[in-house]
Amino acid sequence: MTEPDPNQHRAFERVWGNRPGWGALAAVNHTSIGLRFMGTGIFFFLVGGLLAMLIRTQIALPEQEIIGPETYNQLFTMHGTVMMFLFAIPVLEGLAIYMIPKMIGTRDLVFPRISSLGYYCYLFGGLIILSSLFLGIAPNSGWFMYTPLSSAEYAPGPGSDFWLLGITFVEISAMAAGIELTVSILRSRAPGMTLSKMPIFCWYILAMALMIVFGFPPLILGSILLELERAAGLPFFQVAGGGDPLLWQHLFWLFGHPEVYIIFLPAAGIVSTLIPVFAQRPLVGYRWIVLAIMITGFISFGLWVHHMFTVGIPQLAQAFFSAASMLVAVPTAIQVFAWLATLWVGKVIFSLPMLWVFGFLVVFVCGGLTGVMLALVPFNWQVHDTHFVVAHLHYVLVGGMFFPLMAGLYYWLPHLSGRMPSRNLGNWGFWLTFIGFNVTFLLMHLTGLLGMPRRVYTYESGMGWDGLNLLSSVGGFIMSAGIALIILDVVLHFRFGKPAPRNPWNADTLEWATRTPPSSYNFLSQPRIETRHPLWDRPDLPDTIAAGAHGLRDIGHGRREIYGTDAVHARLKEVIHLPTNSWWPLLSALALAVVCISLLIRTYPLALVALAVATGLLLRWSWENGAHPKAAPLGLQEPTDPPLHSRTCDGPGLWGMAVTLLADATLYLSLLFSWFYLWTVSPEWRLPEETPLALAPLVLCGLLLAAAVALYSRMTQRLRLGQDRNLLANTALVALLGVLHTAALIGVFAGADLRPTELAHDAVLMVMLFYLLFHSGLATVATGLQAWRVKLGYLSARLPYEPMVLKPFWMYTLGIFWLSVAVFLLLPMAWGSA
Amino acid sequence: MFVGLIALWWQAMRRDPGEISQEQVRRLQNRWILAGGLALPLGSIALILALGIPAGRNMLPLPPAGGDAMVIEVKAYQWGWRVTYPDQDIELTDELHIPTDTPVDIHLTTADVIHSFWVPRLAGKLDTIPGRTNVLRLEASRPGEYRGQCAEFCGIGHAHMSFTVTAHPPEEYEKWREKAQADD
């Protein structure tokens, strides 16, 4: 095993390493951020587990009053919330953030500072939510927060606000990870690693990331609307004002069902990674599995209504969603049989990770079968909202996520510690957890079939539920003991584990070509990868990488550099220079946390100030980019073949913008969905007699916007051709047109005769106007800053990158403006006259 | 199915395949994935739906053969059930009385949040939604007292929001009805 030259190693560490001491908080490195995500997630897992123990204690025996109903309601709401939003998703994001760059043979993710921002948003948001529990004012309406139980009238305390604001704050981290992982996987794979040579885990993570991009916006919109209703009285979910409480359920489950697969897919990715390694054979049916992943992703967006079979939905719709729900069994079965076939043709090495994979199979298949049962509508009418559903969802989530995660933990432990886990303690941990889990939840199916509804803090004796509940509680405590053993095992292994040899499991993927524990830069030189199993086909890779035999081995320029390749064929396109350690993400997240807290305590002036500070910090952060002296100023020592990405017209920033706009468009579509839903379904929806917005000024406003966008896009076209005459004047003119347009929009808004607290119609219009205003304002400010950058020489024909990134945002702003005019104004007018 | 799958998996983990050519692997892959990954789940789904959809239809509040179903209005509130027999001057709390072998339509509404009306031994559950009326069909074939409860979490009193449905033979039901009207 060759170690890199110590001088080289030190030089790379100087550029790529974290700062010492407190400076580590400014770290942006994906290995550090990934570990922080996972560590924080495990902390929240223990909190959620503790809550579960309290719940099981309360209902172990009938008619107990250890915990009153108020506290009990807070406990189960927080248990679900913590496990879903603060454990399951962040831990998997953390795993992906840690693993993906190593697996695709690069040194970091493409937006490292965004990773850091995401982490801090997650940490602060999580702590804010958790604090409510200690203050005794935690949300208590169940983790899916059905209105009107969660509305101001029936939940007057701040509990729901903690949930809505805290979760939205945490979602920033999920969106950040989703966007960043998508772009990294598509644009920074090792040269030669075409999509079909990508490790299967990356396919799963790509699907997860895209599902986050499309799945989270409906929840974010729902949370914003509900918070507006609670804080300002806009009646989106109140029948009296023309709203509808069922709109919340649609928005929530539009997110909530894909979310199950957002959790399941990465976990299945772990299984698909481990099985070939322990069978020592390539995965059978790689293409089938890729297909299955994509089908799962698509179908999962068409299932949300199966959570709502008992609200009185038309029969035909129920039959459709029932069939669609069952269809999701097909891609899952494809994966299960591909895994089976791989094991069948390989000679399996039985080890601790494989034991967890086996546990996964047993538990998950059970959960899948009860899932098919639940998809059957008449059966669902019977057991919906009983303990049967509780048992089912724990089989799917614990089986489908926790068991594979533990398999992955034991598999990758040597990677992050450089030591091997023990066998004995680990086995005990597995069996206790496995037995405890099944005792708890297998019996719970029966309790549910015997008619015990979920979320009751107590029950009468003699219903046939007593013994089962007691056994379930005992099982719960056995499972906790198992988890305690696992934690003990992991902690001890850091101290007493045998040092791990390089690539201890003889794996095929590139993460095992790094040092263990990994260095900050992963690979001293970046290899070309021409095979799906690099370490099996070229076992000398770790040595040649460390010896500097491949690309990007120069570090004298002091930049963090990685290869940028094209999305499908991974042909080398550019050298991406990444930003280094920075305080901006932490400071921005702190400012956003102040916004969140001041909204919670309803101190709106403070919220406005904090919002202004956060905006300022984010813009200041964006300033250190491209040719800025702190990033990559124009100089002699820069590569030309391939060039630095900020000298091109197509870099990761453009892709980041495109994916962000996809998420943004999903948010907008959710708003359109709400609009049409309320219009057509809400029982007391009313259109005002006359449209409250003045059409003529609005058209003028839109023409100004169209002029700005036309000018901007002509300017970018000329930049693409290498012409930058009048660049400063043009940019400034676009900014000026943007100012005029935004001012006109504010004028229309101010002159509008809106009664948003009385009519859901006007409330939706108001949200739409704020949405337009946000986009117009942001595009204008960004263009103004660009004009300034032209003046400073950061933007020119040699540096055409940044306008290329901003252009899609302008186009999007124009698109939503006219679409909004058509849908929110012209359509109701046409309807009214007809 | 479940046991078969686990047994197959266990066997796959234990067996030593010896040397296997690429060609054999490909044939195995196609056979297993087509049979297990496509045919098995699609066949099961078709079977379940073929049985399930008609079963679901039978539970719907379609007009019964002989005239209209009897109607009882139930308004859920935090935390109880207000029961009204339209045009009969009967109002009850947390209890329903129905004749046996007679289809009864329960018209469900709510005074506040979402609740769910559920008598496990008589029918599936149906939610009460603000601004809407949902209709649930009940039909008891045997006389007796059936326990019902709220199935959608609705706040502090949720655990204690239960009610009873008493099914009487038709003649006794008539007696009960006359008595109840007289009491009002």
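This is a predicted model: local features need pLDDT of at least 70, side-chain atom pairs count only at pLDDT 80 or more; totals for chains, interfaces and linings use all residues.
Biologist: What makes up the secondary structure of chain B?

Modeller: Chain B has three helices and ten strands. Along the sequence the pattern is α-α-β-β-β-β-β-β-β-β-β-β-α.

Biologist: How many of the residues of chain B count as buried, and what makes a residue buried?

Modeller: A residue is called buried if 20 or more other C-beta atoms lie within 10 Å of its own. By that criterion, 32% of the 184 residues of chain B are buried.

Biologist: What share of the contacts in chain B joins residues 24 or more positions apart?

Modeller: Such pairs account for 63% of the contacts with a separation of 6 or more.

Biologist: Why are β6 and β9 of chain B said to pair?

Modeller: Pairing requires at least two bridges between the strands.

Biologist: What makes β4 and β7 of chain B edge strands?

Modeller: Five strands of chain B form an open sheet in the order β4-β10-β9-β6-β7, with mixed pairing. In this sheet, β4 (95–99) and β7 (126–128) of chain B each pair on one side only. From one strand to the next, the twist averages 25 degrees.

Biologist: Which helix lies across β4 and β10 of chain B?

Modeller: Helix α3 (residues 170–183) of chain B lies across β4 and β10 (162–168) of that chain, and runs at about 135 degrees to β4(B).

Biologist: How do you know that chain A touches chain B, and which helices of chain A take part?

Modeller: Two residues are in contact if their C-beta atoms lie within 7 Å. On this basis, 60 residues of chain A are in contact with 53 residues of chain B. Helices of chain A that each supply at least two residues to the touching side include α3 (69–103), α7 (245–279) and α11 (352–375). The largest share, eleven residues, comes from α10(A).

Biologist: Which classes of residue are found on the side of chain A that touches chain B?

Modeller: That side of chain A has 43 nonpolar, eleven polar and six charged residues.

How values were computed:
Residues are numbered from 1 along each chain as its sequence is written. Chains are lettered from A and ligands numbered from 1 in the order in which they are written. Helices (H or I, at least four residues) and strands (E, at least two) are DSSP runs, numbered from the N terminus. A residue is buried if 20 or more other C-beta atoms lie within 10 Å of its own, exposed if 12 or fewer, and partly exposed in between; C-beta atoms are placed from the backbone. Ala, Val, Leu, Ile, Met, Phe, Trp, Tyr, Cys and Pro count as nonpolar, Asp, Glu, Lys and Arg as charged, and the others, Gly among them, as polar. Axes are lines fitted to C-alpha atoms, for helices over the stretch in contact, and angles run from 0 to 180 degrees between N-to-C directions.
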